[in-house]
Amino acid sequence: MNNKKILILPGDGIGREIVAEAVKVLHWLGQRPGLDLTFEEALIGGSAYDAMGTPLPDETVARAKSADAVLLGAVGGPKWDSLAFSLRPERGLLGIRKALDLYCNLRPAQVFAPLLDASPLKREVVEGIDIMVVRELSSGIYFGTPRGVETLPDGRRRGFNTLTYSTDEIERVARRAFEAARRRRHKLCSVDKANVLESTALWREVVSDLGAREYPDVALSHMYVDNAAMQLLRHPRQFDCIVTTNMFGDILSDEASMLTGSIGMLPSASLGDHNALYEPIHGSAPDIAGKGVANPLATILSVAMMLRYSLSAPGEAERIEQAVNRVLAKGLRTADIMQPGATQVGTVAMGDAVMQALDEEN
Ligand code: IPM
Ligand code: MG
């Protein structure tokens with residue numbers, strides 16, 4: 001049996017609380033036949049800054065590179081907001097994405113049946129949605145240069161960032177998106193702002209060419225990002241796979257998460273050619289950190305994605321997703337997905353309930 005090394009990066013805020021619940025699931029998996037897992041833990045974000053003076057210690061990068069998969073909680077918090085940009089916790093997260101060249105971020109928005117009425121949108125709108133947002137993650141305006149804030153001769157200050165995409169960067173993430181669409185309903189919508197931004201006009205051109213050349217079986221469409229934001233609320237079932245730039249994907253995936261009831265439900269996989277990192281799409285939620293009320297399900301579902309994409313164990317991934325579904329069907333809810341008549345539980349109790357559901361199955 002092939003031993004797999006998992007690196008755990010709890011990070012800051014609720015990151016530590018939700019990761020602790022996902023780790024219970026990982027340990028359970030480590031006992032399963034066919035899976036031999038070893039675990040390591042390292043620092044990232046504000047907690048790394050506090051301990052080592054940098055949000056992304058070299059040692060964390062080295063360990064992540066040699067791991068078979070990385071599980072990350074969340075980074076950031078008001079404590080570090082006054083730091084210079086280069087030292088802020090978010091730089092740790094962006095830095096590890098870049099260092100591992102994780103260019104393809106999969107953010108699936110699916111609604112669990114027991115949560116159909118938990119979305120602020122009507123049941124008729126969200127019923128049956130199953131959307132895979134493929135977000136470019138290692139380029140675009142997040143990383144483009146020049147960037148910064150300069151002082152003009154007249155004393156005014158001017159901030160600037162650069163949105164760049166080269167054809168190879170577009171093509172490699174588009175290829176992943178076409179492949180994902182092929183495993184699903186063969187529909188891909190590429191989201192851009194090609195009517196205004198040259199870099200995304202190029203995006204559209206490259207995605208179209210690749211589709212025509214290699215993926216004639218996938219129905220490709222294009223949408224401007226403003227329209228996409230509207231269509232996601234108007235008629236989300238029209239979407240199968242969406243592929244888009246780093247920043248548009250950041251925004252649209254938060255929006256898509258609300259179709260599922262709560263941002264606390266959305267897992268993600270960040271994939272490169274050699275490494276993979278799994279994390280919930282939400283942040284460190286400083287307002288509820290330390291209170292034991294955060295929803296650990298997005299992180300637990302990120303473990304399911306790890307099983308699917310890094311550990312070749314799709315059956316185990318399904319087990320976890322079904323356990324989550326059963327816990328929700330029993331009426332257990334964390335505060336973010338609380339509904340009338342349901343039973344509100346905290347982070348640890350939700351994690352325990354998933355563990356119990358996993359055990360009961362056997
Ligand atoms: C996300 C987050 C990050 C991002 C932040 C924390 C840097 O919002 O993963 O979606 O913008 O990518
Ligand atoms: Mg985000």
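Helices H1 and H12 cross in a right-handed sense. The model is predicted. In it, H1 spans residues 14-30 and H12 spans residues 347-360. H1 also meets helix H10, residues 297-309, and that crossing is right-handed as well.

**H1 and H12**
- The two axes come within 9 Å and cross at roughly 15 degrees.
- Angles under 35 degrees count as roughly parallel, so H1 is roughly parallel to H12.
- From H1, the contact uses Glu 17, Ile 18, Glu 21, Lys 24, Val 25 and Trp 28.
- From H12, the residues include Thr 347, Val 348, Gly 351, Asp 352, Val 354 and Met 355, together with Leu 358 and Asp 359.
- Sorted by class, this contact has seven nonpolar, two polar and five charged residues.

**H1 and H10**
- The axes of H1 and H10 come within 8 Å, with a crossing angle of roughly 40 degrees.
- H1 and H10 are therefore oblique to each other.
- On the H1 side, the residues are Ile 18, Val 19, Glu 21, Ala 22, Val 25, Leu 26 and Leu 29.
- They meet Thr 299, Ile 300, Val 303, Met 306 and Leu 307 of H10.
- The contact of H1 with H10 comprises 10 nonpolar residues, one polar and one charged.
- Ile 18, Glu 21 and Val 25 of H1 take part in the contacts with both H12 and H10.

**Ligand 1**
- Leu 93, Arg 97, Arg 107, Arg 135, Tyr 142, Asp 250 and Ile 281 surround ligand 1.
- Arg 107 places a polar side-chain atom 2.9 Å from an oxygen atom of ligand 1.
- For Arg 135, a polar side-chain atom lies 2.9 Å from an oxygen atom of the ligand.
- For Asp 250, the corresponding distance to an oxygen atom of ligand 1 is 2.8 Å.

Methods
Residues numbered from 1 in each chain as written. Chains lettered and ligands numbered in written order. Predicted model: local features only at pLDDT ≥ 70, side-chain atom pairs only at ≥ 80, totals over all residues. Heavy atoms only, no water. Axes fitted to C-alpha atoms, helices over the stretch in contact; angles between N-to-C directions. Helix = DSSP H or I, 4+ residues; strand = E, 2+ residues; numbered from the N terminus. Parallel < 35°, antiparallel > 145°, perpendicular 65-115°, else oblique. Left-handed = near helix turned anticlockwise from the far one by under 90°. Contact = heavy atoms within 4.5 Å. Nonpolar A, V, L, I, M, F, W, Y, C, P; charged D, E, K, R; others polar. Near = heavy atom within 4 Å. Polar contact = N/O pair within 3.5 Å; in protein donor to acceptor, adjacent residues only side chain to side chain.
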